[in-house]
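The sequence and the coordinates are shown first, and the notes follow by topic.

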Amino acid sequence: MGQLIISEKFYKNVNINLKEGKFEGVIEKNCEKIFEFLCNNRKLNLSNMREDEVCYNGVFNTKSIYNLYSAFEIESSKIYRKKDIIQVNEEIKNKIIDFGKNLEEYKENKNFIDGLINDRIRDYGIGYGHREKLKKSIEDYIKVIPERTEFYELNDKVKEIVDTVYELRTDIIHDNFIPDLSYEQNRYVEYFEWIVYAMQLKRMNISNEDIEEMLNLTFGVG
């Protein structure tokens, strides 16, 4: 959105008009929603936002990918907390839980066995892993930006985006560093960046049409 600068030097001088950023059209139209959301979510992770002038086909590095994935993790965790429960799996888990509580050793080791049950068995299989959340998010949110999805053929690139982002995330977590990305890797990460922006804007209750236009303003088209 640009920068809002409040300074005595400026607001006391009525002859100075200061304007920075892209405060026009779709941005201005949604300002109330955006500012209200930001005021109510002061801990929102915005480290993925581009700080410099618009640079289409940007080059990503370890820090920018880390920031981008951190923002994604927050958004995706709010949306994809639990999978749909499969009844047969729940039945098996309940049998294992009953078996554990009927062990002769249960009374003497109640805290230990209950800990195993609560930490390992009850929640097993109902949460999304990182790769699953990536795939689910990309498949869901390319529908939010249909024109961009069609133009860049994103439906055909879901696997490449997931594989690239997941591998880079793993490298950063384990090695804390990634080398220079290839051209293809940069493009797949940028597609992922669009998805994260769309997730954040959708949570602000921005319409799909306006989200697409905001991405056009930020990342260009064609």
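Asn 176 comes directly after helix 9 and has a positive phi, near 60 degrees. The coordinates belong to a predicted model. The protein contains eleven helices and zero strands.

**Helix 9**

- Helix 9 covers residues 158-175, and its 18 residues should span 26 Å at 1.5 Å a residue. The C-alpha atoms at its ends are 25 Å apart, which agrees with that expectation.
- The buried residues of helix 9 are Val 158, Ile 161, Val 162, Asp 163, Thr 164, Val 165, Leu 168, Arg 169 and Ile 172.
- These buried residues pack against helix 4 (62-79), helix 7 (130-141) and helix 10.

- Buried positions in helix 4 are Thr 62, Ile 65, Asn 67, Leu 68, Tyr 69, Ala 71, Phe 72, Glu 75 and Ser 76.
- The packing partners of the buried residues in helix 4 are helix 7, helix 9 and helix 10.
- Ile 65 is placed in helix 4. Its relative accessibility is 7%, so Ile 65 counts as buried, the cut-off being under 20%.
- Leaving aside residues up to four places away in sequence, Ile 65 touches Phe 60, Leu 168, Ile 172, Ile 178, Leu 181 and Val 189.
- The C-alpha atoms of Ile 65 and Val 165 are separated by 8.5 Å, although the two residues are 100 residues apart along the chain.
- Glu 75 likewise lies in helix 4, and it counts as buried because its relative accessibility is 2%.
- With residues up to four places away in sequence not counted, Glu 75 touches Leu 44, Met 199, Gln 200 and Arg 203.

**A position in helix 7**

- Asp 140 has its place in helix 7. With a relative accessible area of 25%, Asp 140 is partly exposed.
- Between the C-alpha atoms of Asp 140 and Ile 195 there are 9.3 Å, while 55 residues separate the two along the chain.

**Nonpolar cores**

- The largest nonpolar core comprises 45 residues, and those with the most contacts inside it are Ile 65, Phe 192 and Ile 211.
- Two or more residues of this core come from each of helix 2 (26-29), helix 3 (31-40), helix 4, helix 7, helix 9, helix 10 and helix 11.
- The element that gives the most to this core is helix 10, with eleven residues.
- Another core, of five residues, lies apart from it and includes Ile 97, Tyr 106, Ile 117 and Ile 121.

**Aromatic pairs and cluster**

- Ten aromatic pairs are found in a search of the whole structure.
- One of them joins Trp 194 and Phe 219. The ring centres are 6.3 Å apart and the planes make an angle of 55 degrees, a tilted arrangement.
- Trp 194 is buried, with a relative accessible area of 2%. Phe 219 counts as buried as well, at 4% relative accessibility.
- A single aromatic cluster is formed by Phe 151, Tyr 152, Tyr 188, Tyr 191, Trp 194, Tyr 197 and Phe 219.

**Charges over rings**

- Arg 131 places its charged end over the ring of Tyr 166, at 4.2 Å from the ring centre.
- Arg 187 lies over the face of Tyr 183, and here the distance to the ring centre is 5.0 Å.

**Whole protein**

- Of the 222 residues in the protein, 36% are buried.
- The accessible surface comes to about 15000 Å², and carbon and sulfur atoms account for 50% of this area.
- Among contacts between residues at least 6 apart in sequence, 75% join residues at least 24 apart.

Key:
Residues are numbered from 1 along each chain as its sequence is written. This is a predicted model: local features need pLDDT of at least 70, side-chain atom pairs count only at pLDDT 80 or more; totals for chains, interfaces and linings use all residues. Side-chain values use heavy atoms; hydrogens and water are left out. Rings of Phe, Tyr and Trp (its six-membered ring) pair if their centres lie within 6.5 Å; planes under 30 degrees apart count as stacked, over 60 as edge-to-face and the rest as tilted. Buried means under 20% relative accessible area, exposed over 50%, partly exposed in between (1.4 Å probe, protein chains only). A charge sits over a ring if NZ of Lys or CZ of Arg is within 6 Å of the ring centre and within 35 degrees of the ring normal. Helices (H or I, at least four residues) and strands (E, at least two) are DSSP runs, numbered from the N terminus. The expected span of a helix is 1.5 Å times one less than its number of residues. Contact means heavy atoms within 4.5 Å. Accessible areas come from the Shrake-Rupley method with a 1.4 Å probe; for residues, only the protein chains shown count as cover. A nonpolar core is a set of buried Ala, Val, Leu, Ile, Met, Phe, Trp, Tyr and Cys residues joined through side-chain atoms within 4.5 Å.
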